[in-house]
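Subject: Structure for you to look at

Hi,

Here is the structure I promised to pass on. Please open it and keep it beside you while you read my notes below.

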Amino acid sequence: MKHIKSSQDEKEKSATKKTLIGDDSDDEDSAIKNEAIWLVLTTKQHVVDKNRLKPGKIALPHSLNTSPSLSICVITADPQRGVKDIIADSSFPQTLSGRIEKVIGFSKLKARYQSFESRRQLFSEHDVFLADDRIAMRLVQTLGKIFYKSSKRPIPIRIAEIEKVDGKRVKKDPKKNNNPKEEDKKASFAAPLIVAKEIERALNCAPVQLAASTTASVRVGSSKFTPEQLSD
């Protein structure tokens, strides 16, 4: 935190000089005061189990997403209308639905955001991206490095309707629905309150994307945190 404070002081002095000569540095100044802090993990061996490479999340004691003006984009399995109806439902918390500014299905995401420029525009329009865990692995290639080498990596959320028999969850038959496109067409979603709870839980988590290497980075805080919050 001492290093960040020193670095910010230098940047603020530079920003002040630019302002004096006529440059507008409001955007730069706001970025200076909210710098991301990452935890870098190193392992002795490469991660070889592909199941461990699936995007995940870790609960944080101090959320990075507390702003009431937070802009959320939800990327879901098709059909996207299913999630839009859930968010519009009267039982879905309005304090949360008011912050969800965009819901887009996976097929439309691929069709509309093929160019780097269009993906960069999408990236800049929202603060947090949440992804249906059924299509999370396919987003890495679809969205590219602009998302996955930043602090806006999509956070996976489980919003699928879970089939239960006698109160016990039914395990999915791996021999069925091996075609992702067919699975998307049949995608079913949980009840509004369950989806809302899952989204709220995700907003209090840090996204984790492991790679087949010996290092991984996790965004755990910002320069607005106190040293005690970072330690937690």
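Start with Gln80. Is Gln80 buried or exposed in this predicted model? Gln80 has a relative accessible area of 12%. The cut-off for buried is under 20%, so Gln80 counts as buried.

Now look at what surrounds Gln80. This residue is found in helix H3. The side chain of Gln80 reaches the backbone nitrogen of Gly105 at 2.7 Å. Leaving out residues up to four places away in sequence, Gln80 touches Val103, Ile104, Gly105 and Lys108.

Pro79 sits in the loop between E3 and H3. The peptide bond that joins Asp78 and Pro79 is cis, with omega at about 0°.

Next, the nonpolar cores. In soluble globular proteins, nonpolar side chains tend to be buried together. The largest nonpolar core here has 22 residues. Which of them touch the most other members? They are Ile72, Val74, Phe92, Leu96, Ile100, Leu130 and Ile199. Several elements each supply at least two residues of this core: strands E3 (72-76), E4 (100-105), E5 (128-132) and E6 (155-157), plus helices H3 (80-88) and H10 (192-203). H10 gives the most, with 5 residues.

Take Leu96 as one example from this core. Neighbours within four places in sequence aside, Leu96 is in contact with Ile72, Ala196, Ile199, Glu200 and Leu203. Another core lies apart from the largest one. This other core has 17 residues, among them Leu122, Leu143, Ile146 and Phe147.

Then find the second largest pocket. Its volume is about 600 Å³. How many residues line this pocket? The lining has 22 residues, and Asn34, Leu64, Asn65, Leu70 and Arg219 lie nearest the centre. E5, strand E9 (205-208) and strand E10 (215-222) each supply at least two lining residues. By type, the lining divides into 9 nonpolar, 8 polar and 5 charged residues.

Last, the whole chain. There are 11 helices and 10 strands. The chain has 232 residues, and 38% of them count as buried. Among contacts with a separation of 6 or more, 84% are between residues 24 or more positions apart.

Best wishes

Definitions and conventions:
Residues are numbered from 1 along each chain as its sequence is written. This is a predicted model: local features need pLDDT of at least 70, side-chain atom pairs count only at pLDDT 80 or more; totals for chains, interfaces and linings use all residues. Side-chain values use heavy atoms; hydrogens and water are left out. A nonpolar core is a set of buried Ala, Val, Leu, Ile, Met, Phe, Trp, Tyr and Cys residues joined through side-chain atoms within 4.5 Å. Buried means under 20% relative accessible area, exposed over 50%, partly exposed in between (1.4 Å probe, protein chains only). Helices (H or I, at least four residues) and strands (E, at least two) are DSSP runs, numbered from the N terminus. Contact means heavy atoms within 4.5 Å. On a 1 Å grid over the protein atoms alone, a cavity is a set of points where a 1.4 Å probe fits but cannot get out, and a pocket is an open set with protein on both sides within 12 Å along at least five of seven lines; lining residues have an atom within 4 Å of a point. Grid points are joined across faces, edges and corners, and a volume is the space filled by probe spheres set on the points. Ala, Val, Leu, Ile, Met, Phe, Trp, Tyr, Cys and Pro count as nonpolar, Asp, Glu, Lys and Arg as charged, and the others, Gly among them, as polar. A polar contact is a pair of N or O atoms within 3.5 Å; within protein, one must be able to donate a hydrogen and the other to accept it, and residues adjacent in sequence count only if both atoms are side-chain atoms.
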